[in-house]
Amino acid sequence: MDKKTEELKNAADFFKKNEYLPAAKCYANVAELLEKAGNIKEAELIFHNIIDCYNKEAEMNIRQKKYQEAAEILLSAGELETRINEEDISREYYNKAVQLFIKAAEETLDQKNFQNAGDLFKKAAFYLEQEIQDTDSAIKYYHNAIESYQKFKNQIVVKEDLKKATQITQLIAILYERTNDYKKAIEIDKEALELAKKRDLVQIITDCYLHMAHCYLKLNKEDDMINTLKIAKDYNIKIGKLKMQKKNYLEAAESFDNAISILKELTILLDKKSVVLEEINQSYINKADSYLKIAESHLKQNEIDRAAHFQRNAALCYRLINKHKNAAELFLEAGTNFEKINTQKLAAINFRDAGLQYELMKKLDIAAELLFKAAKLAITEGTTEISIECYRATLRNFECFDDMIKFEETLKDLEEILKTLAEEEEQEENYHIAASYLFEIGNYYDSLKKPKKAEIYYKSATDKLQKAVEIAIKEEQLTIAAYSLSCFIIIKLILNDTDIESILAMYRNKLGENHYFKLSEDLYKEFISKEANLFAVIDKYDNIIKHSDELDYLISKLTESIKS
């Protein structure tokens, strides 16, 4: 246990004398630090301290008749017991919590606080159903929740609070579904629909239709389910268009989004998928139009940041339906606006996305220009990951239209970033990751037909991989060691370096039974044979190769080198 962890534990021990929840919080921080350090057994001991704090806090709350608070704390104890695989003990905590929720609900009923009573009965029923798996008791308390909510609904003056009355009615429908009374659930959903339609409560109306469809499915009434979904879809498209006319663009977008979700469900259920897909595309276009209207309004008020966000939202809609030109132009507009207000990271992200859309349109020069711009902006913001992604994509586009002069100029920037990352990983003894960066640089120089420069990086990568093997063996992570060794061997073969037998012999005792080692050995033997039929070896080890993108790429690189 390091100094920081020790200090936190001492603080927790101090609080534990009378402040149980602060103590539990400190212990939780200790456990997190121990888990991160890989000290799992020590962390589990700390979990028991947390549970002890929860028990004491719960007991104190019970003495003060704070039954709901005690129940919530016991749930937390149960979740921790589950985390340390003590399922039986966890179930005991859940059971205690349920009894306290019921006791709190009954007291709340006596005070005629029917909504809170309903919430408590519902929570008790949920844990009985999901964690304790006592279905009969769960149904009983779901009915208690329904009765409580019904009494609360009777207290509401519907004209004054129609939305609240509608929400409670919808909730009652959901609870009837939990009791497996699907017909009653549909009946109550229809009541909620009638209330919601009085005020055009769009989301509640949509949710009611969706819940009815779910209940029809439970009743094996597929035609009724499909018809209900169609009604819900048509309703949202109609409301979306109406909201557009009234210039309520954000609400319009929400309605079109509802329609899209429902249409996606219908694509699974209906035979005529092409018609549904057309409606999905049109709904995305309508949603994009709504966002553009909002963006336009913000631009008029010189709210460039807000406008740019909605332009991006519109672009995402077009990207989802493969409208590359519309998406590209809107990503570009959003990026330009973010750049105006010096929000460089978001500018970079949008220029990147615009570039990728132009790449799909085969406009590779525009794509490369935008991706390069995105890479430069990202690096100034310190977002290295985005910058690397953009540099890689830039190089890919320059290579595609054979502009190797610009390729080489761009590579210089990426080379420095990757070398720095490799050095940082090496300092942390993450030699395999360092090797992957160096190998990548070597590949780029290979594309430039600069074999000597490529070879320098490839050899540097193999040096790092051998260190990775040694570290993994020292830590007794033999599968990782064998995996790093297989990458090492393949790169040496790519370099046509067959001085490998002695290396295999060095590691055979430790790693010889590992499938990655056997792959390395078989590749080497086949490589130096007259036939050099590597594909037979690749087929033999296909099951492990296909689960590693890195191995798959290295082997494809090896087969290419043999052909050339």
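Predicted model: local features only at pLDDT ≥ 70, side-chain atom pairs only at ≥ 80, totals over all residues.
## Charged pairs and a surface patch

Arginine 392 has a relative accessible area of 33%, so this residue counts as partly exposed.

Arginine 392 meets the side chain of glutamate 440 in a salt bridge, 2.7 Å from N to O. Since arginine 392 belongs to helix 18 (residues 384-400) and glutamate 440 to helix 20 (residues 431-447), the pair ties together parts that are 48 residues apart in sequence. Glutamate 440 is buried, with a relative accessible area of 14%.

| Pair | N to O distance |
|---|---|
| Arginine 392 and glutamate 440 | 2.7 Å |
| Glutamate 129 and arginine 178 | 2.3 Å |
| Glutamate 187 and lysine 184 | 3.2 Å |

How many salt bridges are there? The count comes to 33. In the pair of glutamate 129 and arginine 178, glutamate 129 sits in helix 6 (residues 114-130) and arginine 178 in helix 8, so parts 49 residues apart in sequence are tied together. Glutamate 187 and lysine 184, by contrast, both lie in helix 9, three residues apart, about one turn of the helix. A network of salt bridges also links Arg312, Arg319, Arg352, Asp353 and Glu389.

Between helix 8 (162-178) and helix 9 (182-197) runs a loop that holds threonine 179. Threonine 179 is buried at 10% relative accessibility, and a polar atom of its side chain lies 2.6 Å from the backbone oxygen of tyrosine 176.

Finally, look at the surface: Glu44, Glu79, Glu86, Glu87 and Glu131 gather there in a patch of negative charge. Glutamate 44 is part of helix 3 (residues 40-63).

How values were computed: Residues numbered from 1 in each chain as written. Heavy atoms only, no water. Patch = residues over 30% accessible without salt bridge, like charges linked within 9 Å, V, L, I, M, F, W, Y side chains within 5 Å. Areas by Shrake-Rupley, 256 points an atom, 1.4 Å probe, with all protein chains shown as cover. Salt bridge = Lys/Arg side-chain N within 4 Å of Asp/Glu carboxyl O. Lys, Arg positive; Asp, Glu negative; His and termini not counted. Charge placed at Lys NZ, Arg CZ, Asp CG, Glu CD. Helix = DSSP H or I, 4+ residues; strand = E, 2+ residues; numbered from the N terminus. Buried < 20%, exposed > 50% of the residue type's maximum accessible area, 1.4 Å probe, protein only. Polar contact = N/O pair within 3.5 Å; in protein donor to acceptor, adjacent residues only side chain to side chain.
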